[in-house]
Amino acid sequence: MNTEELYNIYLKHPHISTDTRNCTKDSIFFALKGDKFNGNAFAGQALEKGCAYAVIDENEYAKENDERFIIVDNVLRALQQLASFHRKQTGIPVIGITGTNGKTTTKELMATVLSQSYKVLYTKGNLNNHIGVPLTLLQLTKEHDMAVIEMGASHPGEIALLAEIADPDFGLITNVGKAHLQGFGSFEGVIKTKGELYDYLRKKYGKIFINKDNPYLCGIAQGLTQIGYGTQDGLFVCGQLTEADPFMSLSWKYGSDNRQTTAHTRLIGAYNLENALAAIATGHFFNIKDEQIKEALENYTPTNSRSQLKKTARHNTLIIDAYNANPTSMLAALKNFASIKGENKMLIIGDMKELGDASRQEHQKIVDFIKLQHFDEVILVGDNFAATEHEYKTFKDAETLAEALRGNCPTDRLILIKGSNSVHLDRIADLL
């Protein structure tokens with residue numbers, strides 16, 4: 001079955017399922033494959049649970065004379081092509097976001113600001129890969145005015161693929177840093193891969209929102225229509241940090257208007273300034289007023305272990321940033337934590353994953369920075385940090401640390417919890 005034929009079925013059954021554990025009645029089941037599973041084997045079960053059709057790519061799983069089985073060459077490719085076809089039918093503006101750090105927070109802030117005047121579809125959670133992007137696009141309806149699509153990558157070519165699927169009219173790269181070096185090969189590989197979004201927009205004559213304070217982004221943005229934001233005068237949006245202890249406040253002015261607007265956010269970390277300015281610039285481009293932007297920024301509360309502030313029954317104040325970690329984001333978090341006023345500061349930091357041959361060096365750089373600070377207590381979690389030269393307490397994993405905390409839990413501390421998601425430091429928060 002080709003894409004247009006499948007699309008006609010989708011229009012009558014505009015809900016997609018990929019997991020038989022949560023099939024939606026009358027949806028279309030796509031039998032995706034993974035390293036340890038074959039969705040084709042569950043196609044019949046999906047139909048029994050109420051799916052209207054099942055898209056498969058292995059004939060032996062189709063029941064004879066059952067037209068509910070749709071056979072394609074490749075299920076994943078069929079899903080991606082269907083999503084791309086649907087996106088093009090809608091004709092609404094699509095903003096694509098990628099970057100090493102801050103893309104999820106920027107996406108959330110941007111969607112919050114734009115939602116002041118528009119019906120916005122935006123990536124939920126972290127559905128930003130070759131499966132998540134098409135699943136998000138297939139949620140577009142006639143009610144939506146625009147879409148904000150987050151794009152993640154850990155290997156070259158992945159952003160190019162996602163851009164082809166989402167067909168963005170606008171793009172934003174938050175920044176480029178040292179992450180997924182094992183997949184990208186080098187920092188230059190990171191820049192090239194993230195720049196694939198610019199490459200797509202260059203061919204399409206699209207526009208980019210760009211942080212003009214970032215020399216790496218400016219260096220790869222030639223030939224594009226640029227909507228600039230940053231801390232320099234004369235930009236489309238110019239802003240500055242006014243406070244970050246612990247919550248960030250900022251002020252900004254728009255274009256030639258010298259009137260300053262100030263917002264007091266619930267975001268922790270001076271590094272969130274560029275994320276907020278990106279959302280402000282996008283908002284102004286789409287005619288959101290300063291007062292509406294201010295309200296959106298001040299009402300946004302971060303979740304999912306992304307710079308969350310939590311006060312506990314043990315009188316600890318936690319800054320939980322345990323969703324992701326790489327050398328760039330780790331150093332930014334540590335610098336911000338060092339600048340916050342407070343006593344009895346404690347660090348609990350976990351390994352940074354997927355750094356390849358650079359792992360040992362990058363973990364040692366982080367430890368060397370910590371040594372120059374005056375934190376009261378430091379706990380390192382994971383084999384990579386354990387292999388560095390230091391005199392701090394070290395635990396093999398979050399489970400081992402949890403056992404220790406149950407027997408001797410700190411109190412009256414200001415604690416930063418930071419590490420890669422796979423280290424599971426988010427589970428430690430409930431013990432503190």
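Q: What makes the radius of gyration of the protein chain agree with that of a compact globule?
A: The radius of gyration is taken over C-alpha atoms, and the globule rule is 2.2 Å times the number of residues to the power 0.38. For 432 residues the rule gives a value near 22 Å and the protein chain has 23 Å, so the two agree. The C-alpha trace spans about 70 × 55 × 40 Å along its principal axes. This is a predicted model: local features need pLDDT of at least 70, side-chain atom pairs count only at pLDDT 80 or more, and totals for chains, interfaces and linings use all residues. Residues are numbered from 1 along each chain as its sequence is written, and side-chain values use heavy atoms, leaving out hydrogens and water.

Q: What share of the 432 residues counts as buried?
A: Buried means under 20% relative accessible area, with exposed over 50% and partly exposed in between (1.4 Å probe, protein chains only). By that cut-off, 54% of the residues of the protein chain are buried.

Q: Why are α8 and α9 called roughly parallel?
A: The axes of helix α8 (residues 187–194) and helix α9 (residues 196–204) cross at roughly 30° and come within 4 Å. Axes are lines fitted to C-alpha atoms, for helices over the stretch in contact, and angles run from 0 to 180 degrees between N-to-C directions. Angles under 35 degrees count as roughly parallel, over 145 as roughly antiparallel, 65 to 115 as roughly perpendicular and the rest as oblique. Therefore α8 and α9 are roughly parallel to each other.

Q: Which residues of α8 and α9 meet?
A: Contact means heavy atoms within 4.5 Å. Lys192, Thr193 and Lys194 in α8 meet Glu196, Leu197 and Tyr198 in α9.

Notes:
Helix = DSSP H or I, 4+ residues; strand = E, 2+ residues; numbered from the N terminus.
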